[in-house]
Amino acid sequence: FTPKETPFGLYFVDLFKQTFGLLPLLAIAGLSYLYRQKQKILFSILAYSFITLGPAFALLSRLQITSIHQKAALERFYIASFVPLAILAGAGFALLISFVPKKFKIISFACLFLIIPPAIFSFPIANQRGNYFYEAYGKKIMDGLPETAIFVTTGDIGDNAAQYLQL
């Protein structure tokens, strides 16, 4: 058993791996900041949306991840939880800046550049520039069909291939 075999484990491993652990820590600080600033409605909305879009979804999916396709299907749904998490991380950054003396404020804003290393290291993984899967797959499917054929498909792969080829 490894954490990546369950949706819940995969979610948290990906969360920390993709953000270098920085986003969750800043988000926890952001929750604290919003709560102390008496922004309880915003606190509640962001906390609820993060929990339901991410951990709760992963926990309730009960999918046994045995293939890359199942992992991709799960990831595409829980990635939405990163939006409220990023907003909370921004609030956490505001909390950290509030502790900095005024004469060092300009230096604290330079800390915003801390997001650059994760972006640089994650780019090769996220870069889809050379991914021609749907184009190649779609051409192979369509080449075998007569010109007046009706193409009926179920699922994402055939549908996405046809949409990519604009058929």
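**Close-up views of a salt bridge and a pocket**

**View A. K139 is partly exposed, with a relative accessible area of 41%.** The model shown in this and the following views is predicted.

**View B. The side chains of K139 and E135 form a salt bridge.** The N to O distance is 3.1 Å. Side chains of opposite charge can pair when their charged atoms come close. Both residues belong to helix α9, where they are four residues apart, about one turn of the helix. The structure holds one salt bridge.

**View C. The largest pocket has a volume of about 1,300 Å³.** Its lining comprises 41 residues, and those closest to the pocket centre are Q18, F82, S122, I125 and A126. Sorted by class, the lining has 26 nonpolar residues, eight polar residues and seven charged residues.

**View D. Helices supply residues to the lining of the largest pocket.** At least two lining residues come from each of α1 (7–19), α2 (22–36), α5 (68–78), α6 (82–98), α8 (116–126), α9 (133–143) and α10 (156–164). The most come from α5, which gives seven residues to the lining. Helix α9, which holds K139 and E135, is among the helices that each supply at least two residues of this lining.

Definitions and conventions: Residues are numbered from 1 along each chain as its sequence is written. This is a predicted model: local features need pLDDT of at least 70, side-chain atom pairs count only at pLDDT 80 or more; totals for chains, interfaces and linings use all residues. Side-chain values use heavy atoms; hydrogens and water are left out. On a 1 Å grid over the protein atoms alone, a cavity is a set of points where a 1.4 Å probe fits but cannot get out, and a pocket is an open set with protein on both sides within 12 Å along at least five of seven lines; lining residues have an atom within 4 Å of a point. Grid points are joined across faces, edges and corners, and a volume is the space filled by probe spheres set on the points. Ala, Val, Leu, Ile, Met, Phe, Trp, Tyr, Cys and Pro count as nonpolar, Asp, Glu, Lys and Arg as charged, and the others, Gly among them, as polar. A salt bridge is a side-chain nitrogen of Lys or Arg within 4 Å of a carboxyl oxygen of Asp or Glu. Buried means under 20% relative accessible area, exposed over 50%, partly exposed in between (1.4 Å probe, protein chains only).
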